[in-house]
Amino acid sequence: MHRVPAAAARAAAVLLLCAAAAHAQSPATVPQPPEWTRGATCYEVFVRSFQDSDGDGIGDFNGLTSRLDYLNDGKPETTADLGVRCLWLMPIAESPSYHGYDVTNYYRVEPDYGTEADFKRFMTAAHERGIRVLVDLVLNHASSDHPFFQEALRDTASLYRDWFLWSPTPGPKNQWGGTNWHRSPVRNEYYYGFFWSGMPDLNFHNPAVLAEAKKVATFWLKDMNVDGFRLDAVRHLFEDGGKTENVPATHGVLREFAAHVRAVKPDAYTVGEVFDSLSAVLPYYPDQLDSYFAFELADSLIAAARTGNARGMLAPVLRLQEKVPHARWSPFLRNHDQPRTRTEVGGDPGRARIASFLLMTMPGLPFVYYGEEIGMVGSKPDERLRTPMQWTAAPGGGFTTGQPWQQRQSDSASTTVEAQERDSASLLNLHRRLIRLRAANPALASGEIVPLTTPNDAVAAYLRRTKDRTVLVIANVGAAPVDGVSVAAAPGTFPAGQWFTRNLLGGPAAPPLVTTDDGAVAGYVPLPTLAPLTGYLFEIETARVRKD
């Protein structure tokens, strides 16, 4: 570790900020997400809860390796796996907490999960199956147990003192009227930690901190052979008085960090957590991380599934599409910090199903939280959002032969992978089909989204379209069947003529779609009846168009 005197670090910080300001005035490089992301689906895994290999009740790397064939067996001809092409692993670095978001050693894997050799074997097995692996990287803060913080806490002359933020009195209150300053247990002073006292924020005004972040990234990319990072809580990297999020200086750090990642491994991928509105997320484009999670879109999809009303559902994705290339955002439904989808929609499996259908027909690189593909439930506190994966109805749920680290959910004997594998119409098998369709169909993989209109608020209709492929998406998010619902398209949506359709999910084809001379569609009824909480995909057969 390179050490710099505190005064020198402060002087260097001034130079860094000046350089960042100068850089902001020059043309920036807009990242191009790696080719492997096209048509891919990513899967978020909490290692502690996925599969235990040794009976201690805690999931581990060896257990995760043993379940890789469930995720992707590496054989394109088979359909019994999910077909995901990347994994996001929640924090796997050494930490005193069960969740891992307070790191004590960024260069060592969490001992509860196994050894470095175990992790490397997992990486080899994942890559053999064509699975890329992203690891959660926590840059906003460290653990209060981290040796650097402990040294800085006890010694005001420590070389690590300027790696953290200190004040003789509590600093300004935050925008909610509270404080993020915590009294030192050693002397009469305070340190800053946005989330809690056990997570002191790192001081990115000090260039040594960013240099260390780059060093950590290089270690994981080169020594551990990972394929990129999910960056936690990036909107909180800087503070400005009482403003605790989305401070402009954040963008310079992310820009430099992402450029470093791409320089070390050109096909690496970075996705950031900016848990905020779309308006707050847009300044993080165009030239910083590869992608950011689309939280506003997630809420819109969940709301449509919960209420049975699709009116306005597409507004967030249309705003995103207007500003940002589709490959550079990541739709999802819920993650490890939020109540699970099925819980959000009142426990209704049908509403969870239509929410998943909507997600998998959105542009971007979608992420699926483990267990969402079978409709697991979970609500706060956080531990109950992260319960063990429900593989079977057996004691331990197929997760462990011992006592699981967290009690399973009440439906763990009925909502299982084993049960849903036997049901061709299950949520699990819907995910398998839709993930494969995204990978195989260019329109679903990378097409723009084109909104269509319907007279029924319960029915969403839109196209996913590339230059030469088009898929019509219809979704009845209501709890009742609807008859005779028509679809309309604005002028210029299609070339004039008659277009034939093919049902991508099986079942009856929709009738030919006929456009007016100006390429509009009016009064088109794709099916006599749309079943409740059901989605439909029809490929528009462009090769069979007959022009008048």
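Which residues is G378 in contact with, leaving aside its neighbours within four places in sequence? I started my notebook with that one, keeping in mind that this is a predicted model.

**Entry 1: G378 and its loop**

I found G378 in the loop between β13 (367-369) and α14 (417-421). Its contacts, with neighbours up to four places away left aside, are P339, R340, T343, R384, L385 and Q409. I then looked up its accessibility: at 3% relative accessibility, G378 counts as buried, because the cut-off for buried is under 20%. I also checked W391, which is 13 residues from G378 in sequence and 16 Å from it in space, C-alpha to C-alpha.

The loop between β13 and α14 also holds P381. I noted a cis peptide bond between K380 and P381, with omega at about 10°.

**Entry 2: Q288 and its loop**

Next I went to the loop between α9 (278-281) and β11 (291-293), where Q288 sits. Is Q288 buried or exposed? Q288 counts as buried, with a relative accessibility of 1%. Not counting residues up to four places away in sequence, I listed P31, H251, L254, R255, A258, R262, P283 and R328 as the residues that Q288 touches. V271 is 17 residues from Q288 in sequence, and their C-alpha atoms are 9.9 Å apart.

P286 has its place in the loop between α9 and β11 too. Y285 and P286 are joined by a cis peptide bond, and omega there is about 5°.

**Entry 3: helix α5**

At 1.5 Å a residue, its 13 residues should span 18 Å, and the end C-alpha atoms are 18 Å apart, so the two agree. Which residues of α5 are buried? They are D118, F119, F122, M123, A125 and A126. Looking down the axis of α5, I see these buried residues fall within an arc of 165°, so they line one face of the helix. Among the elements covering them are α3 (61-66), α4 (68-71), β2 (86-89), β4 (105-109), β5 (132-137) and α7 (207-223). Just after α5, I came across G130 with a positive phi of about 80°.

**Entry 4: helix α11**

In α11 (residues 315-323), I noted P316, V317 and L320 as the buried residues. They cover an arc of only 95° around the axis, which puts them on the same side of α11. What do the buried residues of α11 pack against? I wrote down α9, α10, β12 (329-330) and β14 (448-451).

**Entry 5: α10 against α13**

From there I followed α10 (residues 295-307) to α13 (residues 349-360): the two pack at an angle of about 145°, with axes 9 Å apart. The crossing of α10 past α13 is right-handed. On the α10 side, L301, A305, R306 and T307 make the contact, and on the α13 side R351, I354, A355, L358 and L359 do. Sorted by class, I get six nonpolar, one polar and two charged residues in this contact.

Last, I looked up two residues. N225, in the loop between α7 and β9 (228-231), has a positive phi of about 65° although it is not a glycine. With a relative accessible area of 36%, N225 is partly exposed. L533, in the loop between β22 (529-530) and β23 (534-546), has a positive phi near 50° and is likewise a residue other than glycine. L533 is buried, with a relative accessible area of 11%.

Key: Residues are numbered from 1 along each chain as its sequence is written. This is a predicted model: local features need pLDDT of at least 70, side-chain atom pairs count only at pLDDT 80 or more; totals for chains, interfaces and linings use all residues. Side-chain values use heavy atoms; hydrogens and water are left out. Axes are lines fitted to C-alpha atoms, for helices over the stretch in contact, and angles run from 0 to 180 degrees between N-to-C directions. Helices (H or I, at least four residues) and strands (E, at least two) are DSSP runs, numbered from the N terminus. A crossing is left-handed if the near helix is turned anticlockwise from the far one by less than a right angle, and right-handed if clockwise. Contact means heavy atoms within 4.5 Å. Ala, Val, Leu, Ile, Met, Phe, Trp, Tyr, Cys and Pro count as nonpolar, Asp, Glu, Lys and Arg as charged, and the others, Gly among them, as polar. The expected span of a helix is 1.5 Å times one less than its number of residues. Buried means under 20% relative accessible area, exposed over 50%, partly exposed in between (1.4 Å probe, protein chains only). The arc is that of the directions from the helix axis to the C-beta atoms.
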